Amino acid sequence: MITLCGFAVSNYYNKVKLVLLEKNLAFQEELVMTGSKDEAVLRDSPLAKVPFIRTPQGAVCESQVIVEYLEQLQPEPRLLPADPFAAAKVRELCTYIELHLELVARELYGAAFFGRTVDDATKERVRAQLARNIPAFQRLARFSPFVAGETFTLADCCAFVSLPLVGMATKTLLGSDVLLEAGVDWKGHLKVMASRPSVQRVEADRKAAIAAMAKKA
Ligand SMILES: N[C@@H](CCC(=O)N[C@@H](CS)C(=O)NCC(=O)O)C(=O)O
């Protein structure tokens with residue numbers, strides 16, 4: 001059986017969990033926090049990032065690598081089109097979301113969600129990069145109603161866990177939700193996603209984990 005390691009507040013963890021649930025794959029969860037010095041964790045995720053998975057053959061880290069592995073392991077239901085070009089277009093969207101939106105806005109997350117501070121130069125750099133990257137993403141994304149078109153794909157899994165964070169972080173620190181402002185209706189996409197049992201489970205677990213963290217703090 002697959003073991004998903006990480007914690008339910010992590011967006012990348014939830015992307016993998018969503019795919020496991022969508023594909024009806026049996027899995028168990030193991031709580032692993034970031035920055036572990038545990039040799040068993042470093043062997044499986046050398047940068048001590050989460051998520052990573054343990055399989056009977058060994059461990060795999062990096063969420064996009066993991067979901068691609070799951071797609072090959074359990075092709076149905078398909079989260080990547082069978083046609084190679086169409087599949088490449090979905091992968092392109094995943095990369096745009098994670099590399100050009102999420103990773104850029106991530107510089108604000110410490111201040112937006114964890115009470116840290118961020119300097120004005122960083123805020124302005126993030127604002128400028130997103131101002132360039134969001135219109136580029138809009139040239140590729142369809143949202144009709146799914147990110148890549150009429151079918152639910154891996155791009156929706158990426159969007160579901162990342163776009164709300166980009167929106168909320170920029171609203172808090174840059175004064176406006178730069179996605180909504182540009183016309184990327186991530187809230188509408190969330191509504192489309194909300195009817196899926198996989199999404200309901202991920203959201204319930206995420207909220208429970210946030211409540212547990214707050215209680216501990
Ligand atoms: N590219 C990695 C990113 C994973 C990642 O950054 N996870 C966060 C938690 S949401 C983390 O482990 N942060 C700690 C760190 O960057 O050292 C993936 O897709 O799995």
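View 1. Helix H1 (11-22) and helix H3 (63-73) each supply at least two residues of the shell around the ligand. Helices here are DSSP runs of H or I with at least four residues, strands are runs of E with at least two, and both are numbered from the N terminus. The shell consists of Ser10, Asn11, Tyr12, Thr34, Gly35, Lys49, Val50, Glu62, Ser63 and Gln64. A residue is near a molecule if its C-beta atom, placed from the backbone, lies within 6 Å of it. By class, 2 of the shell residues are nonpolar, 6 polar and 2 charged. Ala, Val, Leu, Ile, Met, Phe, Trp, Tyr, Cys and Pro count as nonpolar; Asp, Glu, Lys and Arg count as charged; the others, Gly among them, are polar. Residues are numbered from 1 along each chain as its sequence is written. The model is predicted: local features need pLDDT of at least 70, side-chain atom pairs count only at pLDDT 80 or more, and totals for chains, interfaces and linings use all residues.

**View 2. The whole chain.** The protein chain holds 10 helices and 4 strands. Their order from the N terminus is β-α-β-α-β-β-α-α-α-α-α-α-α-α. Along the principal axes, the C-alpha atoms fill a box of roughly 45 × 45 × 30 Å. Of the 217 residues, 35% count as buried. Buried means 20 or more other C-beta atoms within 10 Å of a residue's own, exposed means 12 or fewer, and partly exposed lies in between, with C-beta atoms placed from the backbone.

**View 3. Domain 1 against domain 2.** The chain is divided into domain 1 (2-73) and domain 2 (84-216). These bounds come from an automatic or database domain assignment. The domain centres, taken over C-alpha atoms, are 20 Å apart. Domain 1 brings 13 residues to the contact and domain 2 brings 17. Contact requires C-beta atoms, placed from the backbone, within 7 Å. On the domain 1 side, H1 and H3 are the elements that give two or more residues. H1 gives the most, with 8 residues. That side divides into 7 nonpolar, 3 polar and 3 charged residues.

**View 4. The largest nonpolar core.** This core has 55 residues, of which Leu93, Leu154 and Ala155 touch the most other members. A nonpolar core is a set of buried Ala, Val, Leu, Ile, Met, Phe, Trp, Tyr and Cys residues joined through C-beta atoms within 7 Å. Helix H7 (residues 154-174) gives the most to the core, with 10 residues. Both domain 1 (2-73) and domain 2 (84-216) give residues to the core, so it lies between them. Leaving out residues up to four places away in sequence, Ala155 touches Val90, Leu93, Cys94, Ile97, Val147 and Ala148.

**View 5. Two cis peptide bonds.** The peptide bond from Val50 to Pro51 is cis, with omega near 10°. Pro51 sits in the loop between helix H2 (39-44) and strand S3 (52-55). Glu76 and Pro77 are also joined by a cis bond, with omega about -10°. Pro77 is in the loop between H3 and helix H4 (84-105).

View 6. Most residues other than glycine have a negative phi. Asn24 has a positive phi of about 55°. Its loop runs between H1 and strand S2 (27-31). Asn24 is exposed, with 10 other C-beta atoms within 10 Å. Glu62 has a positive phi near 80°. Glu62 lies in the loop between strand S4 (58-61) and H3. With 16 other C-beta atoms within 10 Å, Glu62 is partly exposed.

Conventions
Two residues are in contact if their C-beta atoms, placed from the backbone, lie within 7 Å.
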